[in-house]
Amino acid sequence: MSNDCHKFRDRIADFVTGILAEPDSRELQEHLSTCAPCRDYLQALKQEDASLTEYFAGIDEAMAHRQERALQMIECSRTKEKTDTTSIWREIMKSHYSRLAAAAAILVLAAVALIILDKSTAPAYAITDLPRQFEQARTIHVRGWHYFPEYAMPDGSDVPPSAIDNWTDVEHARSRYTTTTLTSGADGVKVYVSEVVRDGPSWMRIDHGDRRSVTYFHVSEYQQKLGVRQISKLISGQLFGDITQISTSIVVGAERIDGVACDIWQSDDAHGGRWRQWLSADTGRLARAQFLRKVDSGQWKVATDYSLIEYNVEPPAGTFSLEPPEGYTASNSPETAYFVELDGGHGGWSDENWHYSCGPKVAFALADGSIVLGWQSFDPKDAEKQALLFEGVTFGGPLPKLPIEFYALKPAEGPSEPLYTGYHLAFTRKQGRFAEWSLYVPNGTPPADVQATGYEMLYRWNLEFAQHFTFDHMTVKPEFTIDTTAEFDEWVLGAMAELSGDGKAPADVTYQKVIDLAQQVRTSVAP
Amino acid sequence: MNDQADESVVRTCRGDDKAAYTILVRRHYRHVFALCLGMLANVHDAEDVAQETMLKGLLSLRKLAKPQQFESWILRIARNLCIDLLRRRKRIKVLPVEPEAVSVSKAQDNHDLEGAIARLPQELRLPLTLFYFEHRDARSIAKKLNISPSLAYERIRMARQTLHELLTEKGYP
């Protein structure tokens, strides 16, 4: 594509939208008469415009019905009598006698609850030991079903559940995971099932359903190592949230699974989710796990049911094979596999015109509670200008004035103290993209569960002339806590090297220097 | 013109004639729904939030300081309810940590138009959706989004180009 074509691509889009000015239109026609790729581009956009028109018209067709449903709902709620709990309560409390009766009833209920709790909360194991089961396993096999309680098929029936069959071979760093995606639109609900097979640095995604194809990806050695290290955290996350979550669990019942007496534990998280685990009453071994969500009717519905959980079972032959299954075509090859960038699964944000984008890359906690965070904030259209922003920044000094500057962190949930102020450690550059590496030091004592709930990244704009945008909370969770020089070299310097063009971490960053910096900051801000 | 018409209906509703609110629903439901669809990229969610918006509008009509601005007020309610839902949705998505989590909005089939629309950044998806619901009228879109018509066109252009990229890219695991 020539430079000219770049200019005309905007005009082609405007032409399809119907707003291209006449002189521009003439110039475009001249260009199109000599440029086949631009003609193809125009054809593709026109085709897409036709598809979009049809797609939205399809949605628009049912508008009258939707509007009537809205009116009915409004009518219902307008005529419904207000009998909420507060008014009933107020009614009861009007009378002196009913006040006494209510107080007595509460006392009885409280006593019964105490007896029930007392009987069932003395198991022969500690629920907080649960993560260890995964850390010690050689292989982990989880089977179950995904349900879609919030959605229905066009005929009103339930969306059929989608099977889960996940294998993790911890010893050999291999895994096979089912991924389920649901889309819901004018033509109803669609469920896509794919699997990702990971064997060391090579990944293969298998798309089932109509597509029946495989796509290859590869990750760096560093990301592969990080993935292995995080395997038990990953599996724990699916089965019972995190350690903070399970520590709030209580026993809500008992049930036998495959002849084994199990306690049923339950906890609600802060985001409308409910977790349930079935643990052997004798050994604490996890036999089943569920994740539930509250649907519109207020009922709790099972969203995921891991009905079988087994450890140290030999996976069937071919489980981790990177060969396409029979009848599946490969859209690329292991040699042309797509490279997966390190971004810690955090994603990022960009402004509406995509001039600026920003986001975390990877974070680690240090034993003293401070955080090392790699992040980016750049103008992809002008990488060279950005290089100037890093001139003169020094180790331990203020952060560079990047377009969006993550100047501090604070706990993402609970009390918003302490504030973690950012200091510059180093920057790296790979293929024109800069990563800033900063140390965030808390000005007080961090809450105990802050690492599990993560940190909110506070930001400010540094370019007065740029169009600012706001974004929702951006949070980051450290991978784990670093407390030795060897770990720092492997993980923090490893991540810096990963995002350096020459594959090397900056020479002047060491664990000792970073720890000393944190100490120095704490001393200087101490009251 | 419409603003003045809204003003008198709002005043009637604020009296005892709650049934007059039907007029406002019929007049504005479509715009509210289109805004919700542009923000949420899901027809069912858009319908739910549009309903909730219209109900909330009725219940808080007394708080509307300038009755002639009913349209921008009701769209603001819709936008806020959408943001609430997106926050909740994001949390639901994040919870069961990784690859196996059910993601509702991420399209895996890149050749699927609906999936690609859902993957557009909201800032681009919203004007693009309104473009098709507002009969390709940039002024109307700009008014509803409180931006200039030229910016509305710029975003539609970017939405088209990005959508084309999404429809022709290879996808990620």
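Trainee: What happens with the backbone just after helix 9 of chain A?
Mentor: Gly241(A) follows that helix and takes a positive phi of about 70°. Keep in mind that this is a predicted model.

Trainee: And helix 9 itself, how many of its residues are buried?
Mentor: Helix 9 covers residues 231-240 of chain A, and 9 of its 10 residues are buried, so call it mostly covered.

Trainee: Which ones?
Mentor: The buried set is Ile231(A), Ser232(A), Leu234(A), Ile235(A), Ser236(A), Gly237(A), Gln238(A), Leu239(A) and Phe240(A).

Trainee: Is Asp258(A) buried or exposed?
Mentor: Exposed: its relative accessible area is 75%, and the cut-off for that label is over 50%.

Trainee: Then what's the phi of Asn312(A)?
Mentor: Positive too, about 55°, and Asn312(A) is not a glycine either. Asn312(A) belongs to the loop that runs between strand 11 (300-311) and strand 12 (329-330) of chain A. With 39% relative accessibility, Asn312(A) counts as partly exposed.

Trainee: Let's zoom out. How many helices and strands does chain A have?
Mentor: Chain A has 14 helices and 22 strands. Its length is 527 residues, and 45% of them count as buried.

Trainee: And how many helices and strands are in chain B?
Mentor: There you get 8 helices and 0 strands. Following the sequence, the pattern reads α-α-α-α-α-α-α-α. Chain B has 173 residues, with buried ones making up 60%.

Trainee: What share of the contacts in chain B join residues at least 24 apart?
Mentor: It's 63%, taken among contacts between residues at least 6 apart in sequence. For chain A, residues 24 or more positions apart account for 57% of the contacts with a separation of 6 or more.

Trainee: Okay, helix packing. At what angle do helix 2 and helix 6 of chain B pack?
Mentor: About 145°, with the axes of helix 2 (residues 21-40) and helix 6 (residues 122-133) 7 Å apart. The crossing is right-handed.

Trainee: Which residues meet there?
Mentor: Helix 2 of chain B brings Arg30(B), Phe33(B), Ala34(B), Leu35(B), Leu37(B), Gly38(B), Met39(B) and Leu40(B). On the helix 6 side you have Gln122(B), Arg125(B), Leu126(B), Thr129(B), Leu130(B) and Phe133(B). Sorted by type, the residues of this contact are 9 nonpolar, 3 polar and 2 charged.

Trainee: Which residues touch the most other members in the largest nonpolar core?
Mentor: Phe56(A), Tyr21(B), Phe33(B), Cys36(B) and Phe70(B), out of 65 residues in that core. Helix 2 of chain B gives the most to this core, with 12 residues. Domain 1 (3-91) and domain 2 (99-168) of chain B both contribute residues, so the core lies between them.

Trainee: Phe56(A) is in the other chain. What does Phe56(A) touch?
Mentor: Leaving out residues up to four places away in sequence, Phe56(A) touches Leu37(B), Ile117(B), Thr129(B), Tyr132(B) and Phe133(B). There's also a second, separate core of 29 residues, which includes Val362(A), Ala426(A), Leu439(A) and Val441(A).

Trainee: What does Ile206(A) touch?
Mentor: Not counting residues up to four places away in sequence, its contacts include Arg176(A), Val193(A), Glu195(A), Ser213(A), Pro325(A) and Tyr328(A). As for Thr329(A), it sits 123 residues from Ile206(A) in sequence, with 9.6 Å between their C-alpha atoms.

Trainee: Last one: where does His31(A) lie?
Mentor: His31(A) lies in helix 2 (residues 22-34) of chain A. His31(A) is buried, at a relative accessible area of 10%. Setting aside neighbours within four places in sequence, His31(A) is in contact with Asp4(A), Cys5(A), Phe8(A) and Cys38(A).

Notes: Residues numbered from 1 in each chain as written. Chains lettered and ligands numbered in written order. Predicted model: local features only at pLDDT ≥ 70, side-chain atom pairs only at ≥ 80, totals over all residues. Heavy atoms only, no water. Axes fitted to C-alpha atoms, helices over the stretch in contact; angles between N-to-C directions. Helix = DSSP H or I, 4+ residues; strand = E, 2+ residues; numbered from the N terminus. Left-handed = near helix turned anticlockwise from the far one by under 90°. Contact = heavy atoms within 4.5 Å. Nonpolar A, V, L, I, M, F, W, Y, C, P; charged D, E, K, R; others polar. Core = buried A, V, L, I, M, F, W, Y, C linked by side-chain atoms within 4.5 Å. Buried < 20%, exposed > 50% of the residue type's maximum accessible area, 1.4 Å probe, protein only. Domains from an automatic or database assignment.
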